[in-house]
Amino acid sequence: MHGRDRSHAADRKPRIVVIHRRSTYTALVSERRSEVVARLVRRRSRAVRRMLQCHEEHMASLAAVRREISRLGLCARFLHRTDGLRISDDDLVVTVGGDGTVLHASHLVDKASMLPINSSPSTSCGFLTVATADGFGPLLEAALHGRLRATFLQRMRVEVAGRVKTDRVLNDILFSNACPASTTRYSLRHRSIEEDQFSSGIWVATAAGSTSAVHAAGGRILPLGSRLLQFVVREPFHFAPPAKRYRLVRGFVRPGGALAIVNKWQPATVYVDGPNYTIPVSRAQSVRLSLSPSPLRLLGYDPGRRGAISNQQSLGSG
């Protein structure tokens, strides 16, 4: 549990929230498109077989999480719709899904601890998860007794026109033209260097996000505990007037520093941890990116392995 008074925690049952994803199969059925699925099943579509496998595995994992919480005499809120939700008074947030579920839940969490479970390990990416459902019970008990090692994942703050829009970016942001296929025109400032650029946009990532888009664009993979932010200009157009090579193509932002972007031309967008959360940026508006003062507290994670680990590896001494 988080650093609350242990005596106070002993007087009441812990507040637990379970945030779980909906499987693609469930979503299709709820949209009354089950006849489409049935037709593809009859055709023995490989994609549908994989989708059903993922669905069955996910539902079994969710049921296992429910059983373990009940076995321990605890109660929890199970949510997959989280519109308007802000988690502040809860002690523990359990995510049941994959990395996408962890990213989604991380935007709702301030100081509560998170215990991420990979619900479909045969089909789901679980880089940020700590275990599968079959090991959930011992991990939950250890978490509630303060015996799980905590890893603090640094997050990023995004300010637009001087106002904080979010300080819970766990992976990365993409600053680009509102139409990502169009040229992005902006002024970029880092430390004492400022220059006008034309490109497809700018990736800026935390250490947790350094293995994804930033790395694919030519960046470096950082240790998970690093407090650096990393930026990479995506497809820089060096030969736009004036014809010279840019100096700020990639680099690192240290704690206390910031990367500043001024949108020069058409409306732009900041895409936060994927496509589902976007921040519009008007002409001439500035974007400031810096280290968030609010890291995510992840329980049971081994930063040396960067992936799901066994119960024995997860359990710490205190």
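Let's start where caution is needed: over residues 307–318 the pLDDT stays under 50, and the model has 33 contacts for this stretch beyond four places in sequence. Keep in mind that what you are looking at is a predicted model. Where pLDDT is low, the predicted coordinates should not be read in detail. Across the chain as a whole, the average pLDDT is 86, and 84% of the residues score at least 70. Residues 4–9 also have a pLDDT below 50, and the model gives this stretch eight contacts beyond near neighbours in sequence.

Now let's turn to empty space inside the structure. Rolling a probe the size of a water molecule over the atoms shows where empty space is left. How many cavities of 30 Å³ or more does the structure hold? There is one, and the largest cavity contains about 40 Å³ of space. By type, the lining of the largest cavity divides into three nonpolar residues, five polar ones and one charged one.

Next, find H107. This residue sits in the loop that runs between helix 5 (99–106) and strand 4 (113–118). Is H107 buried or exposed? Its relative accessible area is 16%, and because that falls under 20%, H107 counts as buried. Look at what surrounds H107: leaving out residues up to four places away in sequence, it touches R86, T166, R168, V169, V272, D273 and Y277. With one of these, D273, the side chain of H107 makes a polar contact of 2.7 Å.

Finally, let's look at the backbone in two other loops. Most residues other than glycine have a negative phi, and most peptide bonds are trans. A161 is not a glycine, yet it has a positive phi of about 55°. You will find A161 in the loop between strand 7 (156–160) and strand 8 (163–169). The relative accessibility of A161 is 44%, which lies between 20% and 50%, so A161 counts as partly exposed.

R191 also has a positive phi of about 55°, although it is not a glycine. Its place is in the loop between strand 10 (184–190) and strand 11 (193–199). Why does R191 count as exposed? It does so because its relative accessible area is 60%, and exposed means over 50%.

Key
Residues are numbered from 1 along each chain as its sequence is written. This is a predicted model: local features need pLDDT of at least 70, side-chain atom pairs count only at pLDDT 80 or more; totals for chains, interfaces and linings use all residues. Side-chain values use heavy atoms; hydrogens and water are left out. pLDDT is the predictor's confidence in each residue, from 0 to 100. Contact means heavy atoms within 4.5 Å. On a 1 Å grid over the protein atoms alone, a cavity is a set of points where a 1.4 Å probe fits but cannot get out, and a pocket is an open set with protein on both sides within 12 Å along at least five of seven lines; lining residues have an atom within 4 Å of a point. Grid points are joined across faces, edges and corners, and a volume is the space filled by probe spheres set on the points. Ala, Val, Leu, Ile, Met, Phe, Trp, Tyr, Cys and Pro count as nonpolar, Asp, Glu, Lys and Arg as charged, and the others, Gly among them, as polar. Helices (H or I, at least four residues) and strands (E, at least two) are DSSP runs, numbered from the N terminus. Buried means under 20% relative accessible area, exposed over 50%, partly exposed in between (1.4 Å probe, protein chains only). A polar contact is a pair of N or O atoms within 3.5 Å; within protein, one must be able to donate a hydrogen and the other to accept it, and residues adjacent in sequence count only if both atoms are side-chain atoms.
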